[in-house]
Amino acid sequence: MCGLVAAASQRDVVPSLIEGLKRLEYRGYDSAGVAVVNENGLKMARALGNVSHLSERLATQRVAGHTGIGHTRWATHGEPSVVNAHPHISSDEIALVHNGIVENFETLREELVAEGYEFRSETDTEVVAHLVHACSKRCDTLLDAVYQAAQRLDGTYAIAVVSKFHPDKIIATRRGSPLLIGVADKENYLASDIAAILPLTPYYITLEEGDVAEVGADSVNIVDANGDVVVREMRQSRQSALELNKGLYEHYMQKEIFEQNVVLERTLVPALKDGMVNEDVLGENARDILSDIEHVHIVACGTSYHAGMVASYTLESLCGVSCKVELASEYRYRRAVVNPNTLFVTLSQSGETADTLAALRFAKRSLYRGTLAICNVPESSLVRESDMVFMTQAGPEIGVASTKAFTTQLMNLSLLAILLARYRGLSRRREQGLVDVLRRAPEQVQRAYSLDNEIREVAEHLAESQYTLFLGRGQMYPIAKEGALKLKEISYIYSEAYAAGELKHGPLALVDEQVPVVALAPFNPLLAKVKSNLAEVRARGGKLLVFADKDSGFRNSSRETVLTLPKSGGLISPIVYTVPLQLLAYYTALYRGTNVDQPRNLAKSVTVE
Ligand code: G6P
C-alpha cells in the first residue's frame, strides 16, 4: 500500500530510486514519482500509472542528484492523478513521500490554510509536507521539524523528507507503516521493504515506532519517540536478490505458482527432525507455551484468512483443541472472549497487513497464553512483535494475488497441528505417518502441474462467463473460497464460493445454463454429499467443472468437464487442490487480457486500514 524508497549517495541516486520503485510496485501502481535535491534546489518528476511511465518521463526530463526520495502510490485520498502523486512539495523547499493514512488531515489542512499554505492536491500527504515546512520555521534542524510535525499526526505513516537547505540528508520517521534503513558503503537507503534495496545491500536497520532518522551517504542518526538519541541494531537480510526476478516466466504469478513444489519442500525440511516435527523451529519458548494450549484463535486477512479456515478443520479433528478463525478487521474492533490457554495465531505473507498487525497488538493486551506468527517476511513487524514465529520459506512473493505464500502457510499450519496433537497424546508412530503424508506434498503438487494444458483450455471458456460459483465441503470449502478469490482478483469475473451444503439455501437460484460451477470433489468421506449437491446443479442445466481424483468416479460429458488430480492424503489435499485453481485464475485472466500481477485497485501489502 504505497511504497517508498530514498537514497543518499555520492553518485546520482535516480537510477537506484527507479529500480527500487519497480521492486516496490506490488505495493501500489496508480502513480509514481521521485524528487532529488541538488545544487539547483529541488527537482521532481511524477507520472500517472506504473513506474515504467515514470521512467519514460525521466528520459525527457533531466532529474539527477545525490539525495532523493521516490514513491509508488495506491490511492487513498484523491484519485490517481499526477497532481495527487507523491512527492508533495511545500514552498519549493521541502519534498515529502508518505505511506499510510493521516486521519486528522482535515483539521491540519484548515490550520495550514489559515497560515497561508496553498494546497494543490486532494491528498492527506500534502498536509504533512506543509506541516513539516511550518515546523521547520520554528526548529533548528530538519530532524526536529519532522519530529515536531509527527507529534501532530494521527493515523499511520512512514515518511521521507528532503529539503533544499540540507541537500545531503533525508529525514524519515514511521508509526504503524513499515520503514527500514539500508546500509551500504558510502551510500544509505530508506525503503518500505528490504526487497526494494536488496540488490544494493542486504544490511538494514529497522526503525521502531516513532523513531526519526537522519540519513546521509555515510551517516545514520536516530532519535526515538521520546527524542532521545538511540542506536538500533543492524541486521542482514536472509532473502536472496535473485528470487526477485521473473526469470523465464511471463508473470510473477506464473513463476510463483510453479515454484510451489520447491518452496513447500524448503518450508517442510527444516521443520523436521528424525521424521518428527522439530518444535525448536518455533523458538525456545515454544514447548512451554504450546504444551498448555487448549484453544486456538487464528486471525488474518484475504488469502491468509482462507489458510486459517483450512487449519481449523485439522486443529479440531486432529488435536481436539477448539479453533476460531476470524478476519483481522473484525476481530480488532470487538471484545473477544479469551478462554484460558488460548494460542493467538496470526497468518500473513507480508507481516505488515495493518489489520493483522493491529489485531496482534490488541491480542497482546488480552489474556492469551502466547502469540504465534506464521509469516513469510523475516524483517516484518508481525515477526518482531510475536512471542513465537514459524516462518514460511516461500521466498519473495511479488504477484499481488497470493499463491505460494498460501500453500506454505497450509504446510506450517499442518505442522503446528501435529505438534499440538503430540502434546495431547498423538503417538510417535502416528506422527511419523502424518509427516510422511506432508513429505509427499511437493511431488503431488508437481503432478498437479501436469493439468496445465487442460486448465488452459477450460479457462478459455471460463473467460467468457459473467459469474462463477465454486463449491466444496469440509476443508475444500475454504479452498473453494480461495479459488473464487483468485479468479475475481485477477480476471474480474464475479465469483463466489459456497459450502456445497448451502447450495439450496440461496445460490442455486443463480444456476442456469450460462453459469459455470467449479466443484472440488476429492475421494473422501464427504464425497457422496458433494455428489448430491452436484446433481442439483446438473438438474438445473448448470455447467460443471469438477476437480477430483481417479477414485471420485466422475465422467466427462457435454456439460461436465472433469480434471483429475493425484490422490492425496487428507492433510495435503487442500494444498494439491489449490494449485489447479490458481492456474485456472491465471489462464482466465490471460484470456481476458487483465494485468495478472497488478490487478486494478488492489495492492499486495495492505498497510492501511
Ligand atoms: C492483500 C493481498 C492478498 C493477501 C492479503 C493479506 O489483499 O492482495 O493477496 O492475501 O492482502 O496479506 P498478508 O500479507 O497479511 O497475507
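The following legends describe close-up views of a predicted model.

Because the model is predicted, local features are reported at pLDDT of at least 70 and side-chain atom pairs count only at pLDDT 80 or more, whereas totals for chains, interfaces and linings use all residues. Residues are numbered from 1 along each chain as its sequence is written, and side-chain values use heavy atoms, with hydrogens and water left out.

**View 1. The largest cavity lies between domain 1 and domain 2.**
The structure holds 4 cavities of 30 Å³ or more, and the largest cavity has a volume of about 280 Å³. On a 1 Å grid over the protein atoms alone, a cavity is a set of points where a 1.4 Å probe fits but cannot get out; lining residues have an atom within 4 Å of a point. Grid points are joined across faces, edges and corners, and a volume is the space filled by probe spheres set on the points. The lining of the largest cavity comprises 26 residues, of which Y26, D193, I194, S350 and V377 lie nearest its centre. By class, this lining has 9 nonpolar, 10 polar and 7 charged residues (Ala, Val, Leu, Ile, Met, Phe, Trp, Tyr, Cys and Pro count as nonpolar, Asp, Glu, Lys and Arg as charged, and the others, Gly among them, as polar). Both domain 1 (3-240) and domain 2 (246-439) give residues to the lining, so the largest cavity lies between them; the domain bounds come from an automatic or database domain assignment.

**View 2. S350 is buried in the loop between β20 and α11.**
The relative accessible area of S350 is 8% (buried means under 20%, exposed over 50% and partly exposed in between, with a 1.4 Å probe and protein chains only). Helices (H or I, at least four residues) and strands (E, at least two) are DSSP runs, numbered from the N terminus. From S350 to V231 the C-alpha separation is 26 Å, and the two residues are 119 residues apart in sequence.

**View 3. The largest pocket has a volume of about 570 Å³.**
A pocket is an open set of grid points with protein on both sides within 12 Å along at least five of seven lines. Of the 29 residues that line the largest pocket, C301, G302, T303, K604 and V606 are the closest to its centre. At least two lining residues are supplied by each of α9 (302-319), α10 (328-331), β20 (342-348), α11 (354-364), α13 (404-423) and α17 (476-491). The lining has 14 nonpolar, 11 polar and 4 charged residues.

**View 4. Two stacked aromatic pairs are formed by Y249 with F258 and by Y467 with Y494.**
The structure holds 7 aromatic pairs. Rings of Phe, Tyr and Trp (its six-membered ring) pair if their centres lie within 6.5 Å; planes under 30 degrees apart count as stacked, over 60 as edge-to-face and the rest as tilted. For Y249 and F258, the values are 6.2 Å centre to centre and 10 degrees between the planes; Y249 is partly exposed, at 34% relative accessibility. The ring centres of Y467 and Y494 are 5.5 Å apart and their planes are at 20 degrees, so this pair is also stacked. This second pair links distant parts of the chain, with Y467 in strand β23 (residues 467-472) and Y494 in strand β24 (residues 494-499), 27 residues apart. Y467 is buried at 13% relative accessibility, whereas Y494 is partly exposed at 46%. Elsewhere, Y331, F344, F362 and Y368 form one aromatic cluster.

**View 5. Charged side chains lie over the rings of F554 and Y492.**
A charge sits over a ring if NZ of Lys or CZ of Arg is within 6 Å of the ring centre and within 35 degrees of the ring normal. The charged end of K531 is 5.1 Å from the ring centre of F554, and R600 lies over the face of Y492 at 3.9 Å from the ring centre. Y492 is found in the loop between α17 and β24 and is partly exposed, with a relative accessible area of 24%. Although Y492 is not a glycine, its phi is positive, at about 65 degrees.

**View 6. A cis peptide bond joins H86 and P87, and D92 has a positive phi.**
Omega of the H86 and P87 bond is about 0 degrees, and P87 lies in the loop between β4 (67-73) and β5 (88-90). D92 is in the loop between β5 and β6 (94-102). The phi of D92 is about 55 degrees although D92 is not a glycine, and D92 is exposed at 55% relative accessibility.
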